[in-house]
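Hello,

Here is the structure I promised to pass on. Please have a look, and then read my notes below.

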Amino acid sequence: MKRTTTIVIGAGHAGLAMSHCLAERSIDHVLLERGEVGNAWKAERWKSLNLLTPNWQNGLPGAPYAGSDPDGYMPAASFADRLGDYARRIGAPVETGTKVLAVTRDSAGYRVETTHGDFACASLVIASGACSVASVPAMAAGLPSGLQQFTPVNYQAPEDMPRGRVLVVGASASGVQIAREIQRSDRQVTLAAGSHTRLPRTYRGRDIEWWLEVTGALDVMHHEVDDLERVRRTPSPQLAGTPEVPDLNALQLLGVEIVGRLCMIRDGRLQFSGGLANVCTSADLKMHRFLDSVDAWIETTGHEAGQTPPNRPDPTRIPVSPRLGIDLASDGFTSVIWATGYRPDHSWLHLPVFDRKGRLRHHGGIVADAPGVYAMGLPFMRRRKSLQIAGAAGDAAALADHLAGSVGRIAA
């Protein structure tokens with residue numbers, strides 16, 4: 001059995017950020033990665049995906065973005081290559097092609113069983129990602145067997161899909177991007193839109209991420225919000241790694257049909273909620289509430305961006321009579337894409353650390369009831385930007401400090 005002080009599970013941006021911080025504190029460690037470094041960005045996302053955040057925001061610890069296009073949006077596959085270069089640069093002790101099978105606790109710490117042997121460690125960092133598995137509702141089992149089903153994890157490109165109409169379920173970032181791409185490929189798309197978050201790509205001449213950064217919205221701490229679990233479930237904004245935003249207005253201009261939330265599937269027929277107008281009105285109000293806070297920040301600080309007039313998006317246009325039902329066969333649908341969110345895969349973690357809904361219990365990344373176990377890269381884990389690439393450096397530094405102060409007691 002191999003022994004080390006700390007095992008980091010996952011060698012994406014969160015795991016590598018932690019590796020950098022552990023090395024700075026002279027803590028010996030090993031990263032276990034089931035594929036190659038940055039595997040999910042290259043192998044488990046669709047081909048055309050770009051990062052949703054501008055390049056200037058995607059620095060790693062000790063390696064800020066230094067390219068020639070700070071305001072551009074990097075392809076996901078290119079970011080995976082950058083992670084590989086970063087791992088080599090910092091000398092990260094990564095064991096690739098090593099899948100974790102089980103983690104258990106023993107008298108000395110933790111035992112990690114893998115496809116390449118077992119490890120023993122005093123502390124453990126779970127950095128395997130918040131988006132490992134696509135969340136597909138149970139109702140998907142009611143779809144006809146001849147209908148092809150996809151998720152953002154296994155969807156690659158429109159040409160890989162059968163001809164015919166496509167239903168995309170979910171109107172957050174993945175859903176609206178995929179709907180736009182497929183509609184542009186000369187297929188007819190219907191988008192079932194439930195609760196979603198609307199933001200413009202730019203406001204008053206700056207990327208929306210710039211405003212989120214300078215106004216402090218991204219640095220709000222987990223203990224500063226009233227309903228943390230609700231905030232952690234907030235849908236990702238309707239953004240894309242392009243200057244254009246594929247919001248519901250833009251999609252309708254392309255010819256995408258918009259319907260309400262998918263409620264039921266029975267005998268090849270789908271039923272949708274009649275509350276589409278209310279959902280869209282709520283998303284518009286929340287967007288304007290944030291833009292109001294930006295305007296107030298400009299007024300208070302006198303920032304030069306105030307010279308650019310407010311360019312508020314138009315209200316979401318609601319179809320006059322959105323369909324409430326679809327007959328898949330007679331309406332010509334051949335495939336459904338479930339863009340209904342993601343969840344982490346912790347099936348290998350055999351520790352008493354989950355709540356009644358199967359969610360990892362932690363306080364700012366310090367896992368409950370498991371001394372020496374930490375998490376990285378989860379939604380609003382420590383700060384609002386914990387899920388972003390930009391949030392990894394600060395979270396890793398804080399957790400590495402805690403680990404360094406505790407690891408001796410754990411090992412004992």
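Which residue in S15 is the bridge partner of Met 264? The partner is Gln 271.

Before the rest, two notes on the basis: this is a predicted model, where local features need pLDDT of at least 70, side-chain atom pairs count only at pLDDT 80 or more, and totals for chains, interfaces and linings use all residues. Residues are numbered from 1 along each chain as its sequence is written, and side-chain values use heavy atoms, leaving out hydrogens and water.

Now the sheet. S14, S15 and S16 form an open, antiparallel sheet in that order; strands are DSSP runs of E, at least two residues, numbered from the N terminus, and two of them pair if DSSP finds at least two bridges between them. At the edges are S14 (262–266) and S16 (325–327), each pairing on one side only. S14 is joined to S15 (residues 269–272) by four bridges.

In the loop between S14 and S15 sits Asp 267. Its phi is positive, near 55 degrees, though Asp 267 is a residue other than glycine. Asp 267 has a relative accessible area of 74%, so it counts as exposed (over 50%, with a 1.4 Å probe and protein chains only).

Asp 186 also has a positive phi, about 70 degrees, and is not a glycine. This residue lies in the loop between helix H4 (173–184) and strand S10 (189–192), helices being DSSP runs of H or I with at least four residues. At 65% relative accessibility, Asp 186 is exposed.

Happy reading!

Conventions: Buried < 20%, exposed > 50% of the residue type's maximum accessible area, 1.4 Å probe, protein only.
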